[in-house]
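Reader: I'd like a close look at one part of this model. Take me through how it is built, piece by piece. Then show me what sits beside it.

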Amino acid sequence: MNEKNNSLLVYTLIYFGFLYIPVLFLPIFSFNDANYMSFPLAGFTTDHYEEMWSKRNLHKALWASVKVGVVASVVSTAIALLAAKAFVRYKFRGQNVSYGAIMMPFLIPEIILAVSILIIWINLGFPLGLVPVTIGHILFCTPFAMLILIARIEGFDFSLEEASRDLGENAWGTFYRVSLPLYLPGIIAALLLSFIISFDEFILAFFLSGSDATLPMYMWNQMRFVKKLPHVLALGAVIIVFTTFIVLLAFWLRNVGQGKEKQDIAIKL
Amino acid sequence: MNENFIQINGISKHFGNVKAVDDVSFSIKEGEFFSLLGPSGCGKTTLLRLLAGFEYPTNGNLLIDGSDITALPPDKRPTNMVFQNYAIFPHINVEQNIKFGLRKLGLTDDEIKKRVDDVLALVKLEGYEERFSGQLSGGQRQRVALARALVRQPKVLLLDEPLGALDKKLRDEMQLELRTLQKEIGITFVFVTHDQQEAISMSDRVAVMSEGKIQQLSAPNELYKNPENIFVSDFIGETNFLKASTRSKDGDHINVAIEDLGDFKVKNNLNIPENSSDVVCSVRPESMMISRDKSDWDICLEAKINQTSYLGEMTRFYVEVSGINKVITVSSQHFDNQSFENNTCFISISLEDISLLQKK
C-alpha cells in the first residue's frame, strides 16, 4: 500500500481549483486600480473599499438585508426546532407527509416559489417590499435549519428530559433547564446558516422586494453601470469573507459537543 | 410499617397489540427493598416507568401511601428514579446536578446546603462537586444519580438496572453498598433487574415477571427453594427437569413416576392433582451428590461424566445416567475432574430436594 494514488489527488486539485479560483478573482480585482476586470493588473488601491462608505443606498440595502435576515433566521429556526423535535422524538400519523411538506421549498425551483408568493401577495392587495421577502425567506430557510437541528437532536439522550421531569420540573422547566442548553450549539448553527442563506438570497428578493432593495438586489442594480463595478467587487469580497466565517462557525458549532467533550460545551457557550 | 405502601391494582399497559404489563396486582411494603426480576421484554421496566409516571396505564390504578397517583405527571409524584444510563445532565457539574431537583421544594439556602452535603457524604462523593459527568467513572456516575434522586427525600426510590453498566467486581461492591444504604435511610426501593443473582442477594422480596405477568412474588429463599412454576424454577438458579406423572396422593406428599427412574414419593407443596401427566420434577445441581462409590441416599444412579467445567469454588459435571438418554448437571465443592476413574461416578438425590411442578 505504499503506492500513492496520484490520479485522485489530481482530481481533487482540479475540483477545488474549479470551485475556488473564480471566487478568488473577486478580491484580487477589488484591489485593482481600474474600472475593468481584466489582466494585467493596473496597480494596488483601496479606493473601491473607501467608496463603500459614501454610498447611502448601499447602507440602506445592507440594513434591509440584516433586518430580513434576522427575522427570517429567528422565525425559521423556531419553526424548525419544534418540527425537528417532533420528528425525532415522536412517531405520529402523517409524519412523512409533514416532513415532505416542510422540505418542499428545498426542492422546488426558487423561481416558482417566488412567482407563487408574488401572485398571492398581489392578489391580496398588499404592497411589495421587505415583508413578502421575509416570508419567502422563512419558507426557504426552514428546511435548512430543520436538517441541522434534526442532526443535533438525533444524538440527544431523551432520558435526560425524563430525569428532569422526575426531579420535579414541568415540561417548560425541562425545556429551559435541560433541552435548550444542550440544543444550543445546533440552534446557533441553524440561526447562522439561515441568516446567511437569507442574506445571500437573490431570486425571491428580485420578485418580491419592490423598491426596497436588499444587498444582492443592490449589487445587481449597480452592475448595469461599468463605473460602479469596482465598489461592487469590494462589497462582494467583504461578503465572501463574512459568509465564509459564519459558515465555518456554524459547522464548528454543529459538531461541537457531539463527541467526547459533551460536558464542556454548554459552559463555553 | 405500612403493608400496602405501594398498591398496584389491576395495572395493564398495552402498546398497540403488545400487552407489556398484563393485569398485575400486588402491594409493596413500606421500607422494603423490592425487586422486579425477569428477562428482557417481560414488562418489568414498563411497570417501573408506570410508577415513575413516564407511562400511563391502559387499565388499573396506582396508590402510594394511600393517595392515588395514577394520573399524576412525574414531577408531581413522591418517587425519584435512578436511570439505567444514569442520565446525569452533561452541561452542569455534580453539585448542580444534585441541586437540580431542590429548586421547587421551597428550601432555604442553608437547608439546601445541608441536604447536598449530607447526601454527598452518604454516597461518598465529597470533593467531586465541581466535576462534570464526562470526568467521572461509571461507579461515580451511579453515585451522582443516586444522590440526585435521594436528595429530594422521595417516599419511593425507583432503580432501573442501575448496576448493569458496571464491571463485575464493582457491581458486587455496589450491591452490598446499596443494600446497606437502603437499610440506613429506610426509603422503599423498587429495583428492576434481569440478573437473578442480583435480585435474590439484595431484596427483601422479589416479583419474578414474564410476558407481562407476575410469575411468583416471594422472599428470595422461597423463590429458590419453592418455585411455583417451571418458569421460576428455570430462571432462578440452575436446575434439571425430569419428566414425570403423578399417581395417588398421600397427605402432603404424592406418588410420582419419574420417567426411566421409577416410582417415588415426593412433597406436593403446590397441591398438584392425582393422575396428571403434565408434571416435571426439578432437582438443583448442587442438591445432588456426586461420589465414587454407591451411597444410601433415596435415589442413587450410576452415571458417566460427559464433560466438566471447573469454576474455582466448585466444579460442574455434565453426566449421562445409565439407561436415561439425558444429560444432568451436578455441581460439587469436593470433587474436581481428576477425581474419577474412567469417568464413572454415582449420582445421589434426596427426595426432599425434588420440587414437583406443573407444566403450563
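Author: Start with chain B, which is divided into domain 1 (6-227) and domain 2 (238-358). The bounds come from an automatic or database domain assignment. The C-alpha centres of these two domains of chain B are 39 Å apart.

A word on the ground rules. This is a predicted model, in which local features need pLDDT of at least 70 and side-chain atom pairs count only at pLDDT 80 or more, while totals for chains, interfaces and linings use all residues. Residues are numbered from 1 along each chain as its sequence is written, and chains are lettered from A and ligands numbered from 1 in the order in which they are written.

Now the strands of chain B. Helices (H or I, at least four residues) and strands (E, at least two) are DSSP runs, numbered from the N terminus. Two strands pair if DSSP finds at least two bridges between them.

One open sheet of chain B has six strands. Their order is S6-S7-S8-S3-S9-S10, and the pairing is mixed. Strand S6 (79-82) and strand S10 (213-218) of chain B stand at the edges. Each has a single partner strand, so one side of each lacks a neighbour in the sheet. Neighbouring strands of this sheet are turned by 20 degrees against each other on average, direction ignored. Such angles are taken between axes, which are lines fitted to C-alpha atoms (for helices over the stretch in contact), and run from 0 to 180 degrees between N-to-C directions.

Strand S9 (residues 205-210) of chain B is joined to S10(B) by five bridges. The two run antiparallel. Here B:Val206 stands opposite B:Ser218 in S10(B).

Another open sheet of chain B has five strands, in the order S15-S19-S16-S17-S18. Its pairing is antiparallel. At the edges are strand S15 (289-291) and strand S18 (327-332) of chain B. Each of them has a single partner strand, so one side of each is left without a neighbour in the sheet. On average, neighbouring strands here are turned by 45 degrees against each other, direction ignored.

Inside this sheet, six bridges join strand S16 (residues 299-310) of chain B to strand S19 (residues 344-349) of chain B. They run antiparallel. B:Cys300 has B:Ser348 in S19(B) as its bridge partner.

Next comes strand S11 (residues 240-250) of chain B. Five bridges join S11(B) to strand S14 (residues 279-283) of chain B, again antiparallel. One of the paired residues is B:Asn240, whose partner in S14(B) is B:Val283. S11(B) also has five bridges to strand S12 (residues 253-258) of chain B, and this pair runs antiparallel too. B:Ser245 is opposite B:Ala257 in S12(B). S11(B) and S12(B) form a hairpin with two residues between them. In its turn, B:Gly251 has a positive phi of about 65 degrees.

What lies beside chain B? Chain A touches it. The contact takes 21 residues from chain B and 19 residues from chain A. On the chain B side there are 11 nonpolar, six polar and four charged residues. Contact means C-beta atoms, placed from the backbone, within 7 Å. Ala, Val, Leu, Ile, Met, Phe, Trp, Tyr, Cys and Pro count as nonpolar, Asp, Glu, Lys and Arg as charged, and the others, Gly among them, as polar.

Chain A has 12 helices and zero strands. Its C-alpha trace spans about 70 × 70 × 35 Å along its principal axes.

The axes of helix H4 (residues 95-107) of chain A and helix H6 (residues 130-154) of chain A come within 8 Å and cross at roughly 115 degrees. H4(A) and H6(A) are therefore roughly perpendicular to each other. Angles under 35 degrees count as roughly parallel, over 145 as roughly antiparallel, 65 to 115 as roughly perpendicular and the rest as oblique. The contact is made by A:Ile102, A:Met103, A:Pro105 and A:Phe106 of H4(A) with A:Leu139, A:Phe140, A:Thr142, A:Pro143 and A:Met146 of H6(A). That makes eight nonpolar, one polar and no charged residues.

Notes. Contact = placed C-beta atoms within 7 Å.
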